[in-house]
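This briefing goes through selected parts of one protein chain, with the sequence and structure alongside. Please keep the structure open while reading.

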Amino acid sequence: MAAGLFLVGALPGTASAAEPDPRVGLGAGWLDAQSAISGLEHVAHRDKPAGFFDPTNPGTSRYANSDLAFGGGYAFLGNYNGFNIVDVSNPTDPALVTSVVCPGGQGDISVHGNLLFMSVEETRGRVDCGTDPNVGTRFQGVRIFDISDVRNPLQVAAVQLCRGSHTHTVVTDPDDAANVYVYVSGTTTPRPATTMEGCNDNPATGENPVRWRIDVIKVPLSAPQQAAVVNQPRLFTDPETGRIDGLQNDPPTPLHPSGTAWSPTPRTQACHDITAYPEIGLAAGACQGNGILIDISDPANPRRIDEVADPSFAYWHSATFNNDGTKVVFTDEWGGGGAARCRETDQPQWGANAIFDIVDRKLEFASYYKLPVPQTTLENCVAHNGSLIPVPGRDIMMQAWYQGGISVFDFTDSANPREIAFFDRGPMDGTLFRFGGFWSAYWYNGNLYGNEISRGFDVFKLVPSEHLSPAEIQAAAQVRFDQFNAQRQPKVTWTPSFALARAYFDQLVRADAIGQPLRFQVDEFLARAEAFTANGDRDAAVAQLRAVCNKLDGAGHQRLKQSILDLAATL
C-alpha cells in the first residue's frame, strides 16, 4: 500500500474566495462554450470532420475522439470510428489531410516509422474496417497501417486478440532496430472461442485464462504483415505462491472512500495502460487495482519488479515518468471517465494523480495532484492522459481532465506539485450531462495539442508568466522529436544554447538562489556573449562566457555553469 496516504491537509485545494478562479461558472455549449485560460495561448481549433460526430448527440461515445500520436509534421487523431490525420506543420493553421473510417473503439493510436498502430476492442470491429457489424469477419485487437502515404493509409496487418486492445504501447529495443514490440492491454470481456480459438473466460485457477496477462506482439519492420503475439506475460503473479492473480483482487473497503459504490472496481486482472521508457529499461503499468514498475530490458519478456496500491484509487489508469526516470505520475480514473468527479465535494485524493519517487527501483509515494478547481455535476472530469513538457531542470506535465480541461503542473518537488497554466471550457450542455472534454493533451515540438472528445482538435502554446520565463519556453521549444507517442517516452536532451543557459539562470533567480551583484553580472555577461555571437565574433563571445563561469562557484550554480561551459565549447 502506498505510503503517505494521510497527507490530505498538504494537498492543493481550490482557489480561494478572495481570488476566484475564472474556470468557475463558465457558460455551456457544444461549439460555443465560454472558456478560461492562463499561461497559455489558444492558437487554433478545428471541429471534428464529417463522419466523426453525430450532430443530434454530440456527446455520444460512438464517435469520441481518443488518443493522439505525432510524426513529422502530422498529428494522428484517434477516434472510436477510425482516425484522422492533420497537418500541423503550421500549428496556427492545422489542416485535415485524411480521414479513415474504421469503427471498433477505442481507437488509440501510435506511430513508428511508416507504421500506425490502432487499438480495437468493440465487437462492432471488422477486419476490413466495414461499418456494418452484422457482416464480415469480426476483429478485436491491433490494426497496423502503412502510412508512408499519409493521404492513403493502407492496413497491412490485423492481429486478433482474445480481449481486443483497449490501449497499447509501442516498445523499441535499443539492441534490435529490425523489430518493435507492442504491449497490449485488453480490458473488455473475453470473446468467445467461436470467434478466436483459445479464448475463454476461465478463472485464475482454470486452464490458461486469458485474464491476468498482457499480450506482446512482435512486429518485423521490414515485414509488418508478419506481426504476431510472441509472449503473454503474467505480470500480476505472486512470486511466493505462483498464483497468477497475485495482486489486488478485492477493493480495500466495501465502498469507495466517498461512500459510493466503487466505479470501476479496482481488481487487478489487466493493465489499463503501460508507459515504456526504453532508454532506462523501465515501464510503468497502470493496472486497475495496482500501479506496477516493470523491467523491460528484454522487451519481449517484461518483468514486474515492484507494485503499489492505494485505498483511494478506484482505477489505476495511466502513467508518466519524469525525464530523469526518478519519478512516475500515476492517474486514477475514478468513475471510468464518464462521471463528474471534480465536484466541490470530492476530496483532492479521489480521481487524482499519485506521484511516486523511484528509489532503488522501488516506488515511494510522494503526494497527490488534482485539478485545483471544482467542476460542475454536468461535466465528466477526472485525471486522464498527459505528457511532459521539456523545460530543462524542471518536471512539468500537461494533462487532460476531460471536461475539466487542460492543466499544466510542476512536480519538480514531488511532495509539492502545483499548477502553472490551464485551459477550460464550460459544460457541453447547460441542462443535460453530455460526454466530452479533453481525452489527451500532449506536447510536441514546441506546441501543446488537445484531442477533445466531442468538440475537435486544439492547439496551444506556452506564454511567459510568473511560473515560466521566455528562456524556459524557448529552451523547451528547441527540443525536437521525429515522432512522439506518449506511451513510449523518449529521453530528452538539450542542445547547448543561450536559451538553455538563461533557463537555468531564470530558475536560480526565481528560487532566490543567486544573490546580488552576481545576478546582474551573469545577466550582463550572457547578454554581451549573445551580442558578440550574433555579430560573428566567436572569440569575444567565448571570453565573456568563460569570464562569467569563473564567478559561478556556488554549490547551487553548477548546472548553470556547466550549461555555459557547454555553450562556449560549441561556439
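The model is predicted. Strands of a sheet pair through backbone hydrogen bonds, either parallel or antiparallel.

- Strand E3 (residues 65-71) runs antiparallel to E4, and 5 bridges join the two.
- Ala-69 has Phe-76 in E4 as its bridge partner.
- The hairpin of E3 and E4 has 2 residues between the strands, and Gly-72 takes a positive phi near 60 degrees there.
- Strand E4 (residues 74-79) is mostly covered, with 5 of its 6 residues buried.
- On to the next strand, E4 pairs with E5 in the antiparallel sense over 6 bridges.
- Tyr-74 stands opposite Asp-87 in E5.
- E4 and E5 are also joined as a hairpin, through 2 residues.

**Phe-83**

- Phe-83 lies in strand E5 (residues 82-87).
- Is Phe-83 buried or exposed? Its relative accessible area is 0%, so Phe-83 counts as buried, the cut-off being under 20%.
- Leaving aside residues up to four places away in sequence, Phe-83 touches Phe-52, Leu-77, Gly-78, Thr-98, Ser-99, Val-100, Ile-109, Leu-116, Met-118, Phe-145 and Pro-153.

**Sheet E11-E12-E13-E14**

- An open sheet is formed by 4 strands in the order E11-E12-E13-E14, with antiparallel pairing.
- Its edge strands are E11 (167-173) and E14 (228-231), each of which pairs on one side only.
- On average, neighbouring strands of this sheet are turned by 35 degrees against each other, direction ignored.
- Strand E13 (residues 215-220) pairs with E14 in the antiparallel sense over 3 bridges.
- Ile-217 stands opposite Val-229 in E14.

- Strand E21 (residues 353-359) is mostly covered: of its 7 residues, 5 are buried.
- Strand E20 (residues 327-332) pairs with E21 in the antiparallel sense, over 5 bridges.
- Val-329 has Ile-355 in E21 as its bridge partner.
- E21 is also joined by 7 bridges to strand E22 (residues 362-369), and these two run antiparallel.
- Asp-357 stands opposite Glu-364 in E22.
- E21 and E22 form a hairpin with 2 residues between them, and in the turn Asp-360 has a positive phi of about 55 degrees.

**Helices H4 and H5**

- Two packed helices are described by the angle between their axes and the distance between the axes.
- Helix H4 (residues 538-549) and helix H5 (residues 558-570) pack at an angle of about 160 degrees, and their axes are 9 Å apart.
- H4 and H5 are therefore roughly antiparallel to each other, since angles over 145 degrees count as such.
- The crossing of H4 and H5 is left-handed.
- H4 contributes Arg-538, Val-542, Leu-545, Val-548 and Cys-549 to the contact, and H5 contributes Lys-561, Ile-564, Leu-565, Leu-567 and Ala-568.
- How many residues of the contact of H4 with H5 are nonpolar, polar or charged? The contact has 8 nonpolar residues, no polar ones and 2 charged ones.

Conventions. Residues are numbered from 1 along each chain as its sequence is written. This is a predicted model: local features need pLDDT of at least 70, side-chain atom pairs count only at pLDDT 80 or more; totals for chains, interfaces and linings use all residues. Side-chain values use heavy atoms; hydrogens and water are left out. Two strands pair if DSSP finds at least two bridges between them. Axes are lines fitted to C-alpha atoms, for helices over the stretch in contact, and angles run from 0 to 180 degrees between N-to-C directions. Angles under 35 degrees count as roughly parallel, over 145 as roughly antiparallel, 65 to 115 as roughly perpendicular and the rest as oblique. A crossing is left-handed if the near helix is turned anticlockwise from the far one by less than a right angle, and right-handed if clockwise. Contact means heavy atoms within 4.5 Å. Ala, Val, Leu, Ile, Met, Phe, Trp, Tyr, Cys and Pro count as nonpolar, Asp, Glu, Lys and Arg as charged, and the others, Gly among them, as polar. Buried means under 20% relative accessible area, exposed over 50%, partly exposed in between (1.4 Å probe, protein chains only).
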